[in-house]
Amino acid sequence: VEAKTSGVTISLPNYGNCVGKKIYIKNYAEGNITVDASGGTIDGETPITLSDRESITVVSDNEQWIII
C-alpha cells in the first residue's frame, strides 16, 4: 500500500481473515499517515503513525498484526 497524501488513514483488514499474509505500507507523503488495525492491534498498539518516507511490513498471526 502506498500513501501519497498526508493525513490519510490506512485501515488494515481483519487479522483473523489474513493469517500469514504480509502487507507492506510506505508513506510517500510529506507528512504523517495513520495505520489502523480495524478493531485489532499492531504489535499491541493501534493506531500507528508513519512519518514522511517511513514504512512498515506487517503479518497476521491470527491474534494481531505484527511488524516484521
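The protein chain has seven strands and zero helices, counting DSSP runs numbered from the N terminus (E, at least two residues, for strands; H or I, at least four, for helices). Along the sequence this reads simply as β-β-β-β-β-β-β. With a radius of gyration of 11 Å, close to the 11 Å that the globule rule gives for 68 residues, the chain is as compact as a globular protein of that length; the radius is taken over C-alpha atoms, and the rule is 2.2 Å times the number of residues to the power 0.38. The model is a predicted one, where local features need pLDDT of at least 70, side-chain atom pairs count only at pLDDT 80 or more, and totals for chains, interfaces and linings use all residues. Residues are numbered from 1 along each chain as its sequence is written, and side-chain values use heavy atoms, with hydrogens and water left out.

Lys 26 sits in strand 3, which covers residues 22–27. Lys 26 is buried yet lacks a salt bridge, meaning a side-chain nitrogen of Lys or Arg within 4 Å of a carboxyl oxygen of Asp or Glu. Asp 52, the nearest side chain of opposite charge, is 8.0 Å away. A polar atom of the Lys 26 side chain does lie 3.2 Å from the backbone oxygen of Arg 53. Leaving aside residues up to four places away in sequence, Lys 26 touches Val 1, Glu 2 and Ala 3, along with Arg 53, Glu 54 and Ser 55.

Notes. Buried means under 20% relative accessible area, exposed over 50%, partly exposed in between (1.4 Å probe, protein chains only). Lys and Arg count as positive and Asp and Glu as negative; His and the chain ends are not counted. A polar contact is a pair of N or O atoms within 3.5 Å; within protein, one must be able to donate a hydrogen and the other to accept it, and residues adjacent in sequence count only if both atoms are side-chain atoms. Contact means heavy atoms within 4.5 Å.
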